[in-house]
Amino acid sequence: MFQSFLIKYGEIGIKGKNRFLFEDALVKQIKHALKNVDGEFEVFKQQGRIYAEAIGEFDYEEAIEALKKVFGIVGICPVVHVEDEGFEMLSQAVTEYMKKAHPELNQTFKVNARRARKNYPLDSMQINCSMGEKLLEAFPDMKVDVHNPDIMLNIEIREKIYIYSQIIPGPGGMPVGTNGKAMLLLSGGIDSPVAGYMVSKRGVKIDAIYFHAPPYTSERAKQKVVDLAKLVAVYSGPIYLHVINFTDIQLYIYEKCPHEELTIIMRRYMMRIAEHIAKETGSLGLITGESIGQVASQTMQSLAATNEVCTMPVIRPVISFDKQDIVDISQKINTYETSILPFEDCCTIFVAKHPVTKPNINIIKRSEKNLEEKIDELIETAIRTDEVIICD
Amino acid sequence: MECYLDNSATTKCFEEVKNLVADVMTKDYGNPSSMHRKGVEAEKFMKQAKEIIAANLKVNEKEIFFTSGGTESNNLAIIGAAMANMRAGKHLITSAIEHPSVMNAMKYLEEQGFLVTYLPVDHNGIIDLEKLKEALCDETILVSIMYVNNEIGAASPVEETAQLIKKFNPNILYHVDAIQAFGKYRILPKRQGIDMLSISGHKINGPKGVGVLYVNEKVKIRPIIFGGGQQKGMRSGTENVPGVAGIGLAVQLSYCDFNEKIECLYELKQYFIEEIGKIEGTTINGKTDRKSAPHIISVSFDDVKSEVLLHALESKCIYVSAGSACASNKPAVSQTLKAIGVKKELLDSTVRFSFSFETTKEELTYCLEALKEILPKLRLYKRH
């Protein structure tokens, strides 16, 4: 029944002179999202609006699902096109449309015409009145309510005439690519994919980094992270995943530092390496899935100790979320099932029974002094052997 | 060097088998149920495979049924026999170290109102025949015990078990899961007193997705899959002709020069056990002599997590299994290792090495050298 979609966007509208940048980015993201949908689409800006028009047959459900994942879209309006064959034919078409789109036919409505083509014989007000009359005649159980209608029936007169009344909510946010790039520390757990999703929703392009510790973590654990990156990429667009071999660094820390400080020191080195690669690849910040108090390494003291090694902003979108709230989002974005696959347990060898929960930075720094001899070389090797996987 | 020592999980397909399977898929692709020539030709492959397998087991061709693999064979035998014979009684007997495809079929039958006795095993993985004798009762209709255990290679006393059961009541059915044993032992169901026998294709260098169930013609079982009535209604569904042709040929090839090949395997096993004994902190689980299977060795390593050792070996292209392959994706500990009394701290420190006829002494030497190199490194980083 529908031939195109009118895309409603929110915050972009208030972006002043940069507005076109945001709109262009949104057009690009919509094109990308519709690529894998059955059918062919033309996506374009016109008079301050964005349209996605199908050329011929297309899979409606699939298109809606794809558009619902494009950040920046606030609402998706499925549109019916009719040729201009006079007002009588138009009113018939609108009546048909109402029967299909709102089959209950007992709601309140308002006709909202917009005459973009000025040579149409009736002006907007006349269309509103006459069409309202026709509809009231056709559907005696419907009523007009111009202030708070159940159905806002839009009729736009352009080359063709566009009819729409439904708004399917989009994800909101800002189009990806309009807010720079950041590096996500992706672990394979529940939190970090959610963190990536949330920052991406603000228009930030995402790269990711994963610390792999063979033989302590398996090839399947790595594949799981790749799979998670692909799931986040459904929203964020392609993700460049950096896989860092962390085994030697981990073992070296294990050898030289007190075991209860192991996790904190390890995380500090992860942050250092992530920041290094972020700088090299044009990311402006780091993203983590940390949440205050969730585990020993995420107490306020631990977070401070981890944060101390970077100068880049570290974005922690789920910092004050309860676990259940994070789980809810991960289920919504379809990463939960993958996140809970049990492939990581071999790493438990490095977890102390009673890790420090309130690390003292000075003590941690003193412990790190024990690493001076070889750590720079190990980091250098880890960075040099960085494996990049494009997750799309 | 690539060193595949996980042949109890699956084996590489014989080149000849692969070619035959491909030919049947692309040239003789008919449906055996079709009435035209294409169908008749496809049927010939079924017949041929049946002949090979029946001759190998010295049984009648009509006692051979093809399934989708070992799991289905075990399910069909156990559930099919239980359902067909429940009027005679609702008691089943099995061992504590069966494969999940037997274990979970038994669990399902328990839910359906059957009573199941799980016989304990000794530290070598062998059931106690006295315990079996005690468990048998008037209600017993089926005993299912595996020939060779998939995790430790324990070989069960098949003939003695059969004699004991049949002496108690000749109507009790005896099913043997021979998935790990077939191809490594000469199995003659009729002489050994086996009523039903499960075989899998991909454990004997054949294709995956095909298995065999031998059912003695006097035994009544109910099908568990319903449809077009193929294979005398015992197993509906269009026959997997390429797979069936493949398993037939794989059986034939497996038993070529059989005694020499088994001798070789035992020699390799002996060598591996001797050498691994020289490495500190290793324990072999189960029997080390010729009373256990020639191709499976279970070793526990002190202070090493089996999964970590597995991945460390993997980095040297050596492929082994941590416990049983079917259990290794789950953090659960192996029921078999528990049942044979492996020490608690070694339960997740146990690795299975399993050989094929293609395994060479050089590969084993390479693997042993790798172990000697890896183990001290891994043991540096103990858990607390």
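pLDDT is the predictor's confidence in each residue, on a scale from 0 to 100. This structure is a predicted model, so that score is the place to start. Chain B has a mean pLDDT of 95. In chain B, 97% of residues reach 70 or more. The model as a whole scores ipTM 0.80 and pTM 0.86.

One stretch of chain B needs care. Over residues 324–329 of chain B, pLDDT stays under 50. The model still gives this stretch eleven contacts beyond four places in sequence. Where pLDDT is low, predicted coordinates should not be read in detail.

Now take chain B as a whole. Its secondary structure comes to twelve helices and 13 strands. The radius of gyration of chain B is 21 Å, close to the 21 Å that the globule rule gives for 384 residues, so chain B is as compact as a globular protein of that length. Along its principal axes, the C-alpha trace of chain B spans about 65 × 55 × 35 Å. Of the 384 residues in chain B, 49% count as buried. Among chain B contacts between residues at least 6 apart in sequence, 74% join residues at least 24 apart.

Turn to chain A and its domains. Chain A is divided into domain 1, residues 4–169, and domain 2, residues 181–391. The centres of domain 1 and domain 2 of chain A, taken over C-alpha atoms, are separated by 45 Å. Over residues 61–169, chain A is 34% helix and 30% strand. The end C-alpha atoms of that stretch are 14 Å apart.

Next comes the nonpolar core. In soluble globular proteins, nonpolar side chains tend to be buried together. The largest nonpolar core here holds 209 residues. A:Ile7, A:Ile30, A:Ile155 and A:Ala274 touch the most other members. Helix α8 of chain A, residues 262–280, gives the largest share of this core, eleven residues. A:Ile155 shows what such packing looks like. Leaving out residues up to four places away in sequence, A:Ile155 touches A:Val94, A:Val111, A:Ala113, A:Ile127, A:Met131, A:Ile161 and A:Ile163.

Now look at the annotated positions. The unreviewed UniProt entry gives a "binding site" annotation that covers A:Leu185, A:Leu186, A:Tyr210, A:Phe211, A:Arg267, A:Gly289 and A:Gln298. A:Phe211 sits in strand β11 of chain A, residues 205–212. A:Phe211 counts as buried because it has 26 C-beta neighbours inside 10 Å, and the cut-off is 20 or more. Beyond four places in sequence, A:Phe211 touches A:Ile244, A:Phe246 and A:Met270.

A:Gly289 lies in a loop of chain A, between β13 (286–287) and α9 (300–307). A:Gly289 also has 26 C-beta neighbours inside 10 Å, so it counts as buried. Its contacts beyond four places in sequence are A:Ser187, A:Gly189, A:Asp191, A:Ser192, A:Val194, A:Ala195 and A:Val318.

Finish at A:Lys256. This residue is in helix α7 of chain A, residues 247–256. A:Lys256 is partly exposed, because 17 other C-beta atoms lie within 10 Å. Leaving aside residues up to four places away, A:Lys256 touches A:Asn370 and A:Leu371. A:Tyr162 is 94 residues from A:Lys256 in sequence. In space, A:Lys256 and A:Tyr162 are 71 Å apart, C-alpha to C-alpha.

Conventions: Residues are numbered from 1 along each chain as its sequence is written. Chains are lettered from A and ligands numbered from 1 in the order in which they are written. This is a predicted model: local features need pLDDT of at least 70, side-chain atom pairs count only at pLDDT 80 or more; totals for chains, interfaces and linings use all residues. Domain bounds come from an automatic or database domain assignment. Helices (H or I, at least four residues) and strands (E, at least two) are DSSP runs, numbered from the N terminus. The radius of gyration is taken over C-alpha atoms; the globule rule is 2.2 Å times the number of residues to the power 0.38. A residue is buried if 20 or more other C-beta atoms lie within 10 Å of its own, exposed if 12 or fewer, and partly exposed in between; C-beta atoms are placed from the backbone. Two residues are in contact if their C-beta atoms, placed from the backbone, lie within 7 Å. A nonpolar core is a set of buried Ala, Val, Leu, Ile, Met, Phe, Trp, Tyr and Cys residues joined through C-beta atoms within 7 Å. UniProt positions are given in the numbering used here, feature names are shortened, and annotations may be inferred rather than shown by experiment.
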